[in-house]
Amino acid sequence: MSEAAMERRLHYLNVSYGVKSWLFTTDHKRIAWLYLLSITFFFFIGGLAATLLRLELLTPQGDLVQAETYNKLFTMHGVMMVFFFLIPSIPAVLGNFLIPMMIGARDLAFPRLNLLSWYLYMSGGLLTIGAAVAGGVDTGWTFYTPYSSIYSNSHVVLTVCGIFINGFSSILTGLNFIVTVHKMRAPGMTWFRLPLFVWSHYATSIIFILGTPVVAIALALVALERIFRLGIFDPALGGDPILFQHLFWFYSHPAVYIMILPGMGVVSEVIACFSRKRIFGYSFVAFASLGIAVLGFLVWGHHMFVSGQSIYAGMIFSLLSMLVAIPSAIKVFNWTATLYKGSISLDAPMLYALGFIGLFTIGGLTGIFLATLAIDIHVHDTYFIVAHFHYIMVGGAVMAYLGGIHFWWPKMTGRLYPEGWARLAAVTIFLGFNLTFFPQFVLGYLGMPRRYHAYPPEFQVLNVMSTAGASILALGYLLPLIYLIWSLRYGRVAGMNPWRATGLEWQTPSPPPTDNFEKTPIVTREPYDYARAEPQSEYAPGEVEHV
Amino acid sequence: MSKSHPRLLHHFDDPEQQLEASQSGMWLFLVTEIMFFGGMFIGYTVYREAYFEVFAHASNHLSVWLGGINTAVLICSSLSMAMAVHSAHQGQRRKIVFYLLLTMVLGTAFLGIKFTEYYHKYGENLIPGLDFAFKEGNAGQAAIFYSFYFGMTGLHALHMIIGLGLLSFLAVQAARGRFSPLYSTPVEMTGLYWHFVDIVWIFLFPLLYLVGRH
Amino acid sequence: MNAEKMIRNYVMVFVALLVLTATTTAVAFVDLGAPWNTTLALGIAVVKASLVVLFFMHALYSRPLTWVFLGAGILCLIILFTFTLADYATRDNVGAGPLAGAPAAGASARTSGTTP
C-alpha cells in the first residue's frame, strides 16, 4: 500500500486526535497502547532498582547502599517487575490488541471495563511508586509476616494498597477475555480454530479470576493487621505466619503461570509463522495450556518447604510440582516438532522465540530440581532460586514479550522495524541475559544467600560476571526502545500481512480500522494453514478476504 | 429488542449476545468474590480448629438474637430483590421501584443492627487493638476470633453498602422508566450480586454466632 | 415458566430459608457430639445457599456455562481448603500448641526470628 494511500485511510490511530480521545477511549487497540507505554515506564523503574542492586553486588562489602536501602531496592524491583510489568505485559498489551482481532470481533465484550482496568492499573502503580518515594518498603515482594504486619518500619500499607488496586485490574482483564472468547467469536471460529495465543490467554484468564482475589485478601489482612493490630499472623497471640504464606502463594504460584502462559501463546504463533508450518499437535498444546492453569493451583506449597509447613504436605506439593512440568514439556516438544522440517527464517521474532524455548527449558528444568525436597532444603533462599525464576521470567516471559512486540509491530503501527538492529538486539539480550544469570546458578549452589547486600569475598568473581551481563542486558533492552520509536516515523510502511502469516489479524489493514474488520469475517479454514495455500500479503484498501 | 434498540452496544451483534455476555461477566465476578471471601474463611477455619474452646467462649458473647434477626432480614431482602428482578422482566415500573426500595430498607436495617452489635462489642472491650480484654480464656486466641469476626462481617458490610449504592442508582433509573421486558440487565445483575452477599451471610451466621452454644 | 409459578417458587424458597435458619439456630443449642454440630450447621448452610443460587439467582434455569463457572469457583475454593488444612492436620504437634511452629500461646514471641 502506498504511503499516500495510507495517509488517506482512516484507522484506529488517526480516527481522532487529542489527549481526551486517548484517555477516554474504549477501543481495545488504543487501550493496548496505553498499557504499552505505562508498563514500559514501570519496567524501567524496576530496572533502575535492579541496576542499583547489581552495582552494589560488584563488591563483597555492602558499600554502595545501606542494608535497609538494599532491602527496599530488591523489594521495589520485585514488586514493580512482578505486579506492574510481567503480570500485565503480554495480556494487557498484546492480548488486548489482538484477541478481538484474532477471533473476528469488533472489540472485547466489555470495552469500558477494559478502560477501567487500565485506570486501576495506573492508580495502583502510581500509589506504589508514591510509597517508594515516601521511603519505600523493605519486606521483599513476598511480604512475609510477621515482619510485614508488625515489625517493619516501612510503607507496607501504601504499597499493599497499590498492589491490591492493581489486582482488580487483572481480574477485570481476565473476566473480559473469558467472556469475549466465549461470546464474541466470528461465525466459523470454533474453539479448535482459535489461534493458540487465544487459548493461552484463556488459560491465563482462568488464573486471573480464581487466584488474584486470594492474594488480595492476604495483603488486605496484612494491612488490617498493621493498622488495627489484629493479631491474625502474630505468633505472640497464637497467630500463624505460615497462614499468610498459604494465602500469598496460593495466588503467587499460579501467578508465575500468568506470566508465562501468554508468552507461550506468542511463541506458538511465531514458531508456526517462521517455520511455515502448522503447530505440531495443536490440541495437545491447547489442552496443555489449560492443564498448566489447573495444575498450577495445586503446587503452591513448594515455596514453603522450609518455612514450617508439615513435611507430609511438603511431599504432596513436591509430587504435584513434578506433574505440572508435564504440560510445559509437551509444549516444548511440540514447538520443537514444529521446527523439524520447517522452512525456518531467523527474523527477530523467531530469534526471541527460539531463545525462549532454550531458556524456558533451562528455567523449567531447574524448577524440577527445586521441587525435589532434599535439594530445595539446600538451595532455598539462595541465588539458585533467583537464577531459576529469572530464567523463566526474563529468559522466557520478557523475551516472548519482545518477540511478540516485534512480530505484531507492523500490525499495530503500519511500520516495519529495522530488522538488522532488531536481530542485533535479540542476540545482545540473549548473551547479556545468560552472562547475568547463569553465574547465579553457581553462586546459589555454592551457598550465596539471596537478599543480602554483602557476601563472602570468594563469590566476587561470579558476581562481577553477573553485573557485567546485566549491563549488556540493559543495553540490549535500550536498543528496541530506540529503534521502535524511530520506526514510527521512519520505518518502512508495512502492508497488511508482511510476514505472510495466518490468522484473522493479518487479514485486515495495518494499522487496522477502529472496528477491526470492514465486514465480519467468516472462518472456514483450520488455524496455521501454512501448508494448504500461501496467505495473500496485499489487498486493495477496503477489501477483506474471507479467510 | 430489534437490532436498532438504543441499548444495544455497537460491538455486539444482537441483544441476546449482549445479555448473555453480561450474565457470564457477572457470574465470573461472583466467582472472584467466592475466592475473596474464601481466603478469610480458610483463615477462620484454621484457627477455629486449633483454638475451638476459646472460639466457643468468644462466640458466646455474640448475640444469637441479633444475628438471627439479621439473617431473617437478609433473607427477606433476597425475596424482595428477586421480586424486583421479576417486576423488571415484567416491565412493571412501580413494582420495580417498590421492591428496590424495600430491599434497600431491609439492607439498611441489617446494617443498623450490625453496627449496633459493633457498638456493643466496643462497650464490652472486645474490639482487638482497642483495650481488648477477655476473661474466659486465652486473650490472644480470643483476639484472633474477634479479628475474624470484625474482618469478615466488616467486609460483608462493605459489600452491603456498595449494594445499597447500586440499588439506589437502580431505583432512580427504574423510576425514570429505563427498564422493560426488553432491557432489565442492570437489575438482574445487581440481583445476582445481592443474592451472593446474602449467601456469604448464610455461612457467616452459623460459623461465627453458633459456635459451641450447647 | 409463567410469572405466577416463579413467584410461588420464590415464596416457597423464602419460607424454606427462614425455617432452615430457625432450625440451625435451635439445633446449635443441642449437644450432638463433637463434629456433628458443626457438620450439621454447615450442611444446613449449604442447603440454604443452594436454594438461593438455584432459585433466586436462576442458576437452575441458566446456561451450562454458568454451571461451569460456578463449579470452577467452588472447586478452587475446595482446593484452597483441603490443601491448606492438610498442612495443619499433619504437622508434628509435639509440645506446643496446635499450630506447631508458633510458640505456645501467651509465651513471649518477640525473640529473634528463626527462618534463614
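Modeller: Just after α9(A), A:Arg276 takes a positive phi of about 55°. This is a predicted model, with local features given at pLDDT of at least 70, side-chain atom pairs at pLDDT 80 or more, and totals for chains, interfaces and linings over all residues. Residues are numbered from 1 along each chain as its sequence is written, chains are lettered from A and ligands numbered from 1 in the order in which they are written, and side-chain values use heavy atoms, without hydrogens and water.

Colleague: What makes the phi of A:Arg276 worth a remark?

Modeller: Most residues other than glycine have a negative phi. A:Arg276 is not a glycine, yet its phi is positive. A:Arg276 sits in the loop between α9 and α10 (282-295) of chain A; helices are DSSP runs of H or I, at least four residues, numbered from the N terminus.

Colleague: Why is A:Arg276 called buried?

Modeller: Buried means under 20% relative accessible area, exposed over 50%, and partly exposed in between (1.4 Å probe, protein chains only). A:Arg276 has 18%, so it is buried. B:Asn125, with 33%, is partly exposed; B:Asn125 also has a positive phi, of about 60°.

Colleague: Why is α9(A) described as largely enclosed by the rest of the structure?

Modeller: Of its 35 residues, 34 are buried, so the description holds for α9(A).

Colleague: What is meant by the bend at A:Trp249?

Modeller: A bend is the angle between axes fitted to the seven residues ending at a residue and the seven starting there. At A:Trp249 that angle is about 35°.

Colleague: Why is the pair A:Lys183 and B:Glu20 called a salt bridge?

Modeller: The term requires a side-chain nitrogen of Lys or Arg within 4 Å of a carboxyl oxygen of Asp or Glu. The N to O distance between A:Lys183 and B:Glu20 is 2.7 Å, and the pair is a salt bridge. The count between chain B and chain A is 2 salt bridges.

Colleague: How many residues of each chain are in contact?

Modeller: 34 residues of chain B are in contact with 35 residues of chain A, where contact means heavy atoms within 4.5 Å.

Notes. Helix = DSSP H or I, 4+ residues; strand = E, 2+ residues; numbered from the N terminus.
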